[in-house]
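Me: I am new to this structure and would like to learn how to read it. Could we go through some features one at a time?

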Amino acid sequence: MAKSPPGQPIFDGHAEAARLPLAPGVYRMFDADGGVLYVGKARALRNRVGSYFSATPKPARIMLMLAQVARLEVTVTRSEADALVLENELIKSLQPRYNVMLRDDKSYPYVLITRGDAPRLVVHRGPQSVPGRYFGPYPNVTAVRETLNLMHKLFRLRNCEDSVFRNRSRPCLQYQIGRCSAPCVGVIDPAQYADSVRRAELFLEGRSDELSGELTAAMQAASDALEFEKAAQLRDTIGLIRRLQSRQTMDGRSADLDVLAVALQGGAACVLLLAFRDGRNLGTHAFFPRTNGVDSAEEVLGAFVSQYYGTQSAPGEIVLDRDIPERELIEQALGERAGHKVVLRTSVRGERAAQLDMVRRNAALALASELTSSSAQQARVEALRELLGLSEVPNRIECFDISHTMGEATVASCVVFDAQGPARKQYRRYNITGIQPGDDYAAMHQALQRRFRPVAEAAADAVVPDVLLIDGGAGQVAQARAVLLEASVDGVVLVGVAKGPERKPGAETLLLPNGHEVAPGPASPALQLIQQVRDEAHRFAITGHRQRRMKARVTSRLEDIPGIGPRRRAALLKHFGGLPGLKAAAVDEITRVEGVSGALAQRIWEQLHGLG
């Protein structure tokens with residue numbers, strides 16, 4: 001029976017479990033403060049929850065969790081498969097303390113075929129917000145680019161942006177080299193292009209035999225109709241597909257297969273995935289799930305399989321380096337979600353055994369590399385603690401940098417590092433306005449004011465860094481100190497990072513809070529960490545500055561021309577597909593835009609070429 005804090009009613013797990021139905025579902029355990037401790041699925045809720053509170057021995061991690069349980073919630077589902085899907089969604093959204101969690105990674109590359117009259121074929125990362133069909137995920141971007149390179153040769157689908165596609169007046173270089181059929185200017189009939197899209201989807205779905213049969217029939221029909229050039233093109237396409245099939249086979253046949261192995265060491269885990277689709281080796285990808293105290297490799301691998309294939313389509317066969325809990329249930333759930341039978345194999349021979357051995361060894365190597373990297377990061381953080389004289393290692397380091405070109409489009413960046421390294425989701429940029437161009441002190445002051453305004457206003461989500469790095473000398477540090485004083489921010493260790501002679505890396509001087517200056521030297525792990533954070537802030541600021549400058553220049557250079565208002569500016573940019581196209585146009589070409597006279601076209605040309 002779990003104990004409850006004083007004043008809280010005792011949580012009776014036996015009684016709670018007895019009231020539950022014998023139906024499939026998901027249960028959630030909460031502590032006294034409402035925090036989610038654990039999310040689990042069950043074939044029969046009453047039996048599964050009741051097993052936690054039985055007299056059978058349990059791991060110390062489970063006993064620690066049960067001692068904190070103060071409340072239980074359940075959701076009944078229609079089937080065990082539905083329970084698995086809901087469990088994965090809740091683990092991802094609630095981030096329970098005792099579950100193994102696959103870290104959310106939005107960077108998996110996909111192949112995307114968009115919707116529309118002339119769909120484009122591109123690589124895609126991030127949220128699947130663009131309408132279209134997504135194929136993947138691919139373990140690495142190299143596999144995606146190889147696939148796209150092949151598919152552009154086979155099917156000649158466009159990859160240009162829609163804004164470029166809508167404004168083309170003649171075929172581009174991709175058409176000239178045989179990688180696009182130029183639907184933008186009507187070289188290919190829309191029905192023929194749609195057929196190419198359908199065939200590309202067959203290829204990506206792994207239905208190469210069906211595609212080859214269809215192309216063979218089309219080749220014969222073209223030959224019978226005496227369309228020998230078309231027949232020859234189809235013949236070459238079939239030959240390329242056949243060569244690909246003969247080169248990429250396993251056990252004498254094409255395969256859709258994933259091979260998974262797990263390595264566990266010192267509380268850290270690595271799951272390595274090797275993927276084959278239609279017999280094509282798509283490479284490997286290493287995942288490092290948070291174990292949250294789980295020390296069973298089988299449990300880590302089982303949680304990974306459930307969560308990963310809860311959001312990705314599973315192939316027909318998944319080879320595992322060990323058995324996992326509830327394997328039959330997971331097989332059933334994955335099969336229902338994928339729409340085809342999914343088999344989880346743990347005993348294999350021949351080619352698959354060789355693949356599994358390779359994946360197992362690479363998982364151990366990847367984990368060793370990750371631990372080495374993590375250890376190095378921890379050593380640098382510890383060295384920084386000693387250098388700054390802190391009682392504890394800093395959990396949050398922020399760094400500010402300013403970027404502009406002779407005062408134009410000034411942008412300030414704020415990057416955040418925690419104990420694991422860069423926390424990119426917390427990065428921020430600030431577009432600086434209302435200051436004298438080139439005044440770095442004022443820019444730094446404004447950026448810091450905006451950063452610490454929520455702290456001054458005691459906002460609920462306001463956070464304060466342990467260490468605040470300022471890229472600059474005494475002047476920039478003075479601005480930061482003034483802002484912290486205005487916002488009544490205490491407990492922040494303020495450090496200036498002044499560039500060394502000739503901006504040589506490793507020769508930086510640090511301005512410490514006590515007023516002293518130190519030059520730790522290039523061998524200092526603390527300075528190496530500061531350089532890493534500072535360089536990331538510099539990169540992030542420059543990227544934002546360039547984006548802002550380009551956006552400003554696209555409009556301002558036209559706005560400065562008398563006679564160019566918003567409507568004409570939009571017409572010009574649309575006609576030429578952007579400022580580069582307009583700049584490359586001759587005067588007589590510019591006059592072809594509606595509403596642009598010869599004199600105005602001449603002024604536009606002169607202004608864009610620095611003659612106005």
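Me: Is tyrosine 27 buried or exposed?
Reply: This is a predicted model, and in it tyrosine 27 is buried, with a relative accessible area of 1%. The word applies because a residue counts as buried under 20% relative accessible area.

Me: How is a pair of aromatic rings described?
Reply: Such a pair is described by the distance of the centres and the angle of the planes. The structure holds 12 aromatic pairs. In one of them, tyrosine 27 and tyrosine 52, the ring centres are 5.7 Å apart and the planes meet at 70°, so the pair is edge-to-face.

Me: Which kind of pair do phenylalanine 287 and tyrosine 308 form?
Reply: Their aromatic pair is edge-to-face, with 5.4 Å centre to centre and 65° between the planes. Phenylalanine 287 is in strand S9 (residues 280–287) and tyrosine 308 in helix H11 (residues 297–311), so parts 21 residues apart in sequence are tied together by the pair. Phenylalanine 287 is buried, with a relative accessible area of 5%, and tyrosine 308 is buried, also with 5%.

Me: Which residues do ring pairs link into a cluster?
Reply: The cluster consists of Phe287, Phe304, Tyr308 and Tyr309.

Me: Where does the charged end of arginine 158 sit?
Reply: A charge can be read against the ring it sits over. The charged end of arginine 158 is over the ring of phenylalanine 165, at 4.1 Å from the ring centre. In another case, arginine 451 lies over the face of phenylalanine 452, and the distance to the ring centre is 4.6 Å.

Me: Now sheets. In what order do the three strands of the open sheet stand?
Reply: For a sheet, read the order of the strands, then the sense of the pairing. Here the order is S5-S4-S6, and the pairing is antiparallel. Strand S5 (121–124) and strand S6 (132–135) are at the edges; each has a single partner strand, so one side of each has no neighbour in the sheet. On average, neighbouring strands of this sheet are turned by 30° against each other, direction ignored.

Me: How many bridges pair strand S4 with S6?
Reply: Strand S4 (residues 110–114) pairs with S6 over four bridges, in the antiparallel sense. Within this pairing, leucine 112 is opposite tyrosine 134 in S6. Helix H8 (residues 190–204) packs on the sheet and touches S4 and S6, its direction making about 155° with that of S4.

Me: Where is arginine 120, and which residues does it contact?
Reply: Arginine 120 is in the loop between S4 and S5. It is buried, with a relative accessible area of 14%. A polar atom of its side chain lies 2.8 Å from the backbone oxygen of cysteine 160. Apart from neighbours within four places in sequence, arginine 120 is in contact with Leu112, Ile113, Thr114, Arg158, Asn159, Cys160, Glu161 and Asp162.

Me: Is lysine 41 buried or exposed?
Reply: Lysine 41 is buried, at a relative accessible area of 10%, and its place is in strand S2 (residues 36–42). Its side chain makes a polar contact with the side chain of glutamate 87 at 3.4 Å, and another with the side chain of glutamate 326 at 3.1 Å. Leaving out residues up to four places away in sequence, lysine 41 touches several residues, among them Tyr27, Arg48 and Leu329.

Me: How many residues of strand S8 are buried?
Reply: In strand S8 (residues 268–277), eight of the 10 residues are buried, so the strand is largely enclosed by the rest of the structure. Strand S7 (residues 257–265) runs antiparallel to S8 and is joined to it by nine bridges. Aspartate 258 is opposite alanine 275 in S8.

Me: How many helices and strands does the chain have?
Reply: The chain has 20 helices and 19 strands. Of its 612 residues, 45% count as buried. Among contacts between residues at least 6 apart in sequence, 60% join residues at least 24 apart.

Conventions. Residues numbered from 1 in each chain as written. Predicted model: local features only at pLDDT ≥ 70, side-chain atom pairs only at ≥ 80, totals over all residues. Heavy atoms only, no water. Pairing = 2+ DSSP bridges. Helix = DSSP H or I, 4+ residues; strand = E, 2+ residues; numbered from the N terminus. Axes fitted to C-alpha atoms, helices over the stretch in contact; angles between N-to-C directions. Contact = heavy atoms within 4.5 Å. Buried < 20%, exposed > 50% of the residue type's maximum accessible area, 1.4 Å probe, protein only. Polar contact = N/O pair within 3.5 Å; in protein donor to acceptor, adjacent residues only side chain to side chain. Phe/Tyr/Trp six-rings, centres within 6.5 Å; stacked < 30°, edge-to-face > 60°. Lys NZ or Arg CZ within 6 Å of the ring centre and 35° of its normal.
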